[in-house]
Amino acid sequence: MNQGHSSPSAPRAPQPGKGDSRRDFIWLTLGWLASLFALGASGFATLRSLVPNVLYEPSRRFKAGRPGDYPDDTATFIEEVRLFIVRKGSTYRAMSAICPHLGCTVNATVGKHPFLCPCHGSHFSPDGAVMSGPSPRGLTWHALSLSKDGRLVVDLDRAVTHDKTLVIQA
Amino acid sequence: MKSPKQVWLWFAGTRVGRSIFRVGLPESNLGRMQAMVSSFLLHLHPAKVHRHSLQFSSTLGLGLISLYLFLLLCITGVALMFFYVPSPEHAYDNMKDLEFVVSAGMIARNMHRWSAHLMVLCVFLHMCRVFYTGGYKPPREFNWVVGVGLFVMTLVLSFTGYLLPWDQLAFWAITVGTNIAGYAPVIGKKIQFLLLGGNIVGESALLRFYVLHVVVLPAAVVFMVALHLWRVRKDGGLSRPGEPDVLVPQSETGRLSTNKTYGLMELARGTSPAVGLDPADELPAWPHLVFREVLLFLATMAVVMFLSVFWNAPLEEFANPAHPPNPAKAPWYFLGLQELVAYSAFWGGVVVPALLLVALVALPYLDRERAGVGVWFARERRVAVTLFTLCVVAAVILTVIGTYFRGPNWGWVWPWAASVVVPH
């Protein structure tokens, strides 16, 4: 440090009666607030930039073939969207294959509880209800409708209750 | 023919040599200490080390080994970066290229993987060593906290690392890991979205984990290791039995007067325990400590090399979102956690790890017993040792169950029973 050039090296004593302490307080407060705001705003902007505004992901609403493509009394697995189309006679339902526990894809097997999660061992009934294992809830049922050109339409953003079914009279 | 030492002495004596090294090859104890203080690479060391700290049985060298493994990971990691593109289209093929196309590519990947596994193990064992020898007691409480942070960073680095090959393990690890984050209260879902950069595990998720793995986390670890080592010095070196209590400054200026001139760093802080004490039982760090360090590095390198030559890093099938492997298992060091989340994602994946972490951080501030520092399993610390051991045993049991006793659909299997093959 080059001490020789700083002439009054001792800190200036507060001078009462000149309003210095109030002025100091205001400037100090403003300075701190401005610094904190600058830091906070940059931090927030950095974090916000990492939250995507546009997602280049497959559409959450899509067509899933004609009703006739699905054999009766089966749960047909559509790989790309990890979804079962369950048909019982003329009723259709769309059941997610994503385990609500931690997101693994359940496997369809035969038996009393045919849907099994290979990651942590949850078992689901044919209706998707949890029979055993750590899953906090059953498999999700998604809204299913019929488009004008006669194709099934699945909406992954709309969950429905188990009793909602799409009935198609052939 | 001149010996290497003669060549060295000649070079160190030239004008250029003196400009680089300042002091030549030390011939006296004074020179040895000057060498430690004046060398950039050596100045992290104290000029003199206590005999107890040099004994292998005091530390088992675990902290140093962890540091060496981290260095190996940085070097091999940079080497691997030349051959890796963080995108789902290329990542898996890059792994195949490393194995079949790039010269010595497989050995680099193997070394990186084995170093990572060993580092998880050594950092954990190092933590156990510090606990069992009471090394976290005052004045070293905060350095224990830094160490806990480094342990967590090691795990997160491993986690972000094994995602990069974009094989089945990678894909399902990101899926499960980010879903666990989603169980955190209030902001869980937001964190999950931020980590993935979307709703599905894809391109942006891979890129994010890559950046975390190669830049953000290593930079943080470098900083924390520097802090960790600096604190070891400032807190008076390694803990040892019969260590003097922390001295408080006696004079009015807050500085201890002393006329000792060796070991400049020992005087840098007034509360340094070594100030004013006889240098009994201390040896010059050069050569006693430096020699042991070099030896330990060679041993670490030899073990990593041996493992890398004989056991290849595995690569599972290409990531397939439709079909997890059955059973889908994490690497061994996360199987205890996987066993826990198989009971409950919230309790096993969020609450229990968070409580354990809080307990580890709070430990040096809760444990008021001052006796038994520098002694393995000190009698005075029976309760603390028992509690800690119970936690370690529980973690080991959970890991063993996850590794050997869990089969298809995470069902219970006996490891000696014939293995069941389940079609995907």
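A polar contact is a pair of N or O atoms within 3.5 Å, where, within protein, one atom must be able to donate a hydrogen and the other to accept it, and where residues adjacent in sequence count only if both atoms are side-chain atoms. With that rule, 11 residue pairs, both residues at pLDDT 80 or more, are in polar contact between chain B and chain A.

Before I go on, please keep in mind that this is a predicted model, in which local features need pLDDT of at least 70 and side-chain atom pairs count only at pLDDT 80 or more, while totals for chains, interfaces and linings use all residues. Residues are numbered from 1 along each chain as its sequence is written, chains are lettered from A in the order in which they are written, and side-chain values use heavy atoms, with hydrogens and water left out.

Let me turn to the interface as a whole. Taking contact to mean heavy atoms within 4.5 Å, 29 residues of chain B are in contact with 25 residues of chain A. The buried area, that is, the accessible area (1.4 Å probe) that the two parts lose on being put together, summed over both, is about 2,200 Å², and carbon and sulfur atoms give 61% of it. Leu194(B), Ala322(B) and Asn409(B) supply 22% of the area that chain B buries against chain A, more than any other three residues.

What about salt bridges, defined as a side-chain nitrogen of Lys or Arg within 4 Å of a carboxyl oxygen of Asp or Glu? Across the interface of chain B and chain A, the rule finds 0 of them.
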